[in-house]
Amino acid sequence: MGSLREPGVWGNFWPHHEAAVAKLIPDLEAEPEALAMILGGSLARGWGQADSDIDGHLVITEQAMAARMERDDLVYPRCEQHCDYEGGYVDLKAVSMSL
């Protein structure tokens, strides 16, 4: 997931959205199940507001996806602490390459 550090990947994000994702990246890089993060939602489409949440998908291994599906645990935890703007949060849903 080091490619997320390259310039120009942020689309139309505000600086505080970029900062939140930058804070999240080290946590995701430390997750052995994490393969990639795909940003989406209103910010990625250019429709977002300054107070928009950050939406995306966390691509995880097939084995991790099977375990998460069995637990009904498809939302990546620990994302709120990465946002320091009012009402901000990161909403990542787990997906695998086959789903």
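Histidine 82 counts as buried, because its relative accessibility is 4%; buried here means under 20% relative accessible area, exposed means over 50%, and partly exposed is in between, using a 1.4 Å probe and protein chains only. You'll find histidine 82 in the loop between helix 3 and strand 3. Helices (H or I, at least four residues) and strands (E, at least two) are DSSP runs, numbered from the N terminus.

Keep in mind that this is a predicted model, in which local features need pLDDT of at least 70 and side-chain atom pairs count only at pLDDT 80 or more, while totals for chains, interfaces and linings use all residues. Residues are numbered from 1 along each chain as its sequence is written, and side-chain values use heavy atoms, with hydrogens and water left out.

So who sits around that histidine? Setting aside neighbours within four places in sequence, histidine 82 is in contact with Ala20, Lys23, Leu24 and Asp27, where contact means heavy atoms within 4.5 Å. With aspartate 27 there is also a polar contact, side chain to side chain, at 2.7 Å. A polar contact is a pair of N or O atoms within 3.5 Å; within protein, one must be able to donate a hydrogen and the other to accept it, and residues adjacent in sequence count only if both atoms are side-chain atoms.

Now step back to the whole chain. The protein chain has 3 helices and 3 strands, and reading along the sequence gives you the pattern α-β-α-β-α-β. Of its 99 residues, 38% count as buried. Take the contacts with a separation of 6 or more: 63% of them are between residues 24 or more positions apart.

The strands form an open sheet of 3, in the order 1-2-3, with mixed pairing; two strands pair if DSSP finds at least two bridges between them. Strand 1 (34-40) and strand 3 (90-96) are at the edges with a single partner strand each, so one side of each has no neighbour in the sheet. On average, neighbouring strands of this sheet are turned by 25 degrees against each other, direction ignored. For angles, axes are lines fitted to C-alpha atoms, for helices over the stretch in contact, and the values run from 0 to 180 degrees between N-to-C directions.

How do the strands pair up? Strand 1 and strand 2 run antiparallel and are joined by 6 bridges, with alanine 36 opposite valine 59 in strand 2. Strand 2 (residues 54-60) and strand 3 run parallel, and 7 bridges join them. Strand 3 is largely enclosed by the rest of the structure, because 6 of its 7 residues are buried. Strand 2 is mostly covered too, with 5 of its 7 residues buried.

What about the helices that lie on this sheet? Helix 1 (residues 15-29) lies across strand 1, strand 2 and strand 3, and runs at about 165 degrees to strand 1. Helix 3 (residues 62-71) also packs on the sheet: it touches strand 2 and strand 3, and its direction makes about 110 degrees with that of strand 3.

As background, an α-helix has 3.6 residues a turn, so residues three or four places apart point the same way.

Is aspartate 72 buried or exposed? Aspartate 72 is exposed, with a relative accessible area of 68%. Its phi is near 55 degrees, a positive value in a residue other than glycine.
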